[in-house]
Each structure stands twice: as structure tokens, then as C-alpha cells.
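Here is a brief report on one chain. It goes from the overall fold down to a single residue.

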Amino acid sequence: MRKTALVVLAVALVGIVAAAGCISSAANSDSPVGDWIISGTDVTLSIKGDGTFAGQSYVNRYFGEYTLNGNTITFTLGGSTMMFGPEIEKEDAFFAALAGEQTYEIVDGKLVLENGLTFTEAPKSVVGSWETADGVTIIFNEDGTFAGKGPVNNYFGNYVQDGESLTLEQVGNTQMYGPEIEAEDAYFASLKTVTGFTVTDAGLTLTDANGKAVVSFAVMSFVEE
């Protein structure tokens, strides 16, 4: 197994986009910003409004920057994890198909690339790392678990997402005591009322059965080690 690491790859990748099917809150229909997936696979591509992109290929996660020129988009891969798996050849072919300058078009809500790849809209997901303005965090993992830092304690649990429905089961916390313990108790109690969520450019909002916001998070920022 190739150990996980970020590597700088000087590979120009091209492909993807137009927003007649994007999941984002793009400013206009010509924007490529959005989340895409190849149907029947876990291969994703998330195009951000800040000129960056990231995704999951057949084996590894990848990221980089992109530029647009009319209906042509050029991706420059900045790095990826370096895991090895049984579908590594498919991954190599995926990157090869993206490489080079190519045009795109939207057909019946699908993103069709000149080199033959077709993407559809990716379902919205809570997976990711999120943080409130007060520093409370929550990280939703792809395996159905979550963890975070409350006002006092670290906590963890399980979740089930079905479309835009969401249920949380808090399994435990570190059982410390501090001056903000009442705020923490209120936060943990609010998580028990969560039945849904919304994801926008502003971040993640957990909602109750009435669609009312329970707690709002922005994307968490990390310092690379």
C-alpha cells in the first residue's frame, strides 16, 4: 500500500462543467461551480467558486486549481493522497481522460466531457468538517460516524443521512466539567432534535422537524502539518 501523503503533481487536467445541473448556489447558469459524480461509482468532483476543486477518485482524494475559457475548463491537479487499491488502474484512466484541454456541454442535466466522461449532480452530503462562530466543531465521516468539540467536551456518535433527512445519535463525550457546561448541555440537547440539514456556500445548517435552524456551521479551516 502506498502510504497516504500529499504529493505535488504537475498534471494538467481538463474537463467538467456548466451549471445547468450544478448543485451549488452559482451566481449564474454558466458557472461550473457545483458538485458532480460519475453515476454508479464513488468518483466525485467538487468545483468551488474560488478557483479550486477537489474530489474522490476510484482510490484517492485529489485537489487543485482550475481556470475557465469560454466552454473550456483546465484543471491543474495540486496533490492527492497516495493510497493503492484494486481500482488504481481505473483511477489512472480517469485522470488520463480528464487530461488536456477539452470542451463540455450539459445534456439533460448531465455534464458531458469531450473525452467521454459523463457526470451527474452529486447528492448533497453532511460529510465534512464544520465549525460554529463560537468554536464548536463537528466532523461527519463517510462511515456514518461523527465527532467534535463542544463548549467543554469532545464528543462522538453515529448518524444516518437519507437524502436531506438526518438523524444523530450521540454515543458519548469526555465527561469534563467547565464554566460553559450549561451551554454544552443545551448544544447536546439541540442535536437530539435534528431531523434534516441544508448545505450552501455559507456552510451547514442542521434543522428540526419544522425546518427551523438548530445550529449553523461554516467550513472548518485546518492548518496543514
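## Contacts and overall make-up

Among contacts (heavy atoms within 4.5 Å) in the chain between residues at least 6 apart in sequence, 47% link residues at least 24 apart. This is a predicted model, where local features need pLDDT of at least 70, side-chain atom pairs count only at pLDDT 80 or more, and totals for chains, interfaces and linings use all residues. Residues are numbered from 1 along each chain as its sequence is written, and side-chain values use heavy atoms, with hydrogens and water left out.

The chain has two helices and 17 strands. These are DSSP runs, numbered from the N terminus: helices are H or I with at least four residues, strands E with at least two.

## Burial and surface

Of the 225 residues in the chain, 41% are buried. Buried means under 20% relative accessible area, with a 1.4 Å probe and protein chains only. The chain exposes about 12400 Å², and carbon and sulfur atoms supply 53% of that area. Accessible areas come from the Shrake-Rupley method with a 1.4 Å probe.

## Helix 1

Helix 1 spans residues 88–98. Its buried residues include I88, E91, F94, F95, A97 and L98. Just after helix 1, G100 takes a positive phi of about 90°.

## L166 in strand 14

L166 lies in strand 14, residues 165–173. L166 counts as buried because its relative accessibility is 0%.

Which residues does L166 contact, leaving aside neighbours within four places in sequence? They are V126, F140, Y159, V160, Q161, V194, T195, G196, F197 and L206. T195 is 29 residues from L166 along the chain, yet their C-alpha atoms are separated by 4.9 Å.

Methods: Buried means under 20% relative accessible area, exposed over 50%, partly exposed in between (1.4 Å probe, protein chains only).
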